[in-house]
Amino acid sequence: VDQTYIMVKPDGVQRGLVGEIISRFEKKGFKLTGLKLFQCSKELAEEHYKDLKQKSFFPKLIDYITSGPVVCMAWEGVGVVASARKLIGATDPLQAEPGTIRGDLAVQTGRNVVHGSDSPENGKREIALWFKEGEVCDWTPVQSPWLRE
Ligand code: GTP
Ligand code: MG
């Protein structure tokens, strides 16, 4: 089963959007397996976004992600990685479709309120990076038979 790492970025926390963002994934029917408020180090932010190290905006990105607490989440479900990316919407919130998180709640790429893993491999990698052993919880929601036949 796929797993994805979703993170409410510091702007989402500061703007009081944590509940709204968690709700989008809950209502869709994915399973929450990890959740915490966390202020990350520069080292962790750099490791998380290591593929973007050569980009001109990288220093700004690291300042942004470390500027306040984030909400770290692990979500599980068949197809969750690609589906979460669709729920989140395009990187540039002005291009993101209405109905998506960024399309509804943000206006600028540098303040796009939420992160989602871009592949199942990165989902696993990022969950292992942001959560310690024992912080991710496997459980069976009672609604499972009402979500999947
Ligand atoms: P994430 O889910 O956060 O990984 O976003 P993404 O997958 O939609 O985009 P990408 O991985 O390419 O970039 C990661 C993050 O870097 C984006 O979400 C933005 O916060 C930031 N970013 C990307 N491009 C730019 C840019 O051109 N300018 C600025 N200031 N930030 C950018
Ligand atoms: Mg990305």
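Reader: How much space lies in the largest pocket?

Author: The model considered here is a predicted one. In it, the largest pocket holds about 730 Å³ of space. Its lining consists of 28 residues, and those closest to the centre are Lys 9, Tyr 49, Leu 52, Leu 61 and Thr 91.

Reader: Which elements give two or more residues to that lining?

Author: They are H4, H5, strand E4 (114–116) and helix H7 (120–130). By class, the lining of the largest pocket comprises 8 nonpolar, 10 polar and 10 charged residues.

Reader: What is the volume of the second largest pocket, and which residues are closest to its centre?

Author: The volume of the second largest pocket is about 310 Å³. This pocket is lined by 16 residues, with Gly 29, Phe 30, Lys 31, Pro 141 and Ser 144 closest to the centre. Its lining divides into 8 nonpolar, 4 polar and 4 charged residues.

Reader: Where is Thr 100 placed, and what is it in contact with?

Author: Thr 100 belongs to the loop between helix H5 (80–88) and helix H6 (101–105). Beyond its neighbours within four places in sequence, Thr 100 is in contact with Arg 24, Lys 86, Leu 87, Ile 88 and Gly 89. A polar atom of the Thr 100 side chain also lies 2.6 Å from the backbone oxygen of Glu 97.

Notes:
Residues numbered from 1 in each chain as written. Chains lettered and ligands numbered in written order. Predicted model: local features only at pLDDT ≥ 70, side-chain atom pairs only at ≥ 80, totals over all residues. Heavy atoms only, no water. Helix = DSSP H or I, 4+ residues; strand = E, 2+ residues; numbered from the N terminus. Polar contact = N/O pair within 3.5 Å; in protein donor to acceptor, adjacent residues only side chain to side chain. Contact = heavy atoms within 4.5 Å. 1 Å grid on protein atoms, 1.4 Å probe; cavity = no way out; pocket = protein on both sides within 12 Å on 5 of 7 lines; lining within 4 Å. Points joined across faces, edges and corners; volume = space filled by probe spheres on them. Nonpolar A, V, L, I, M, F, W, Y, C, P; charged D, E, K, R; others polar.
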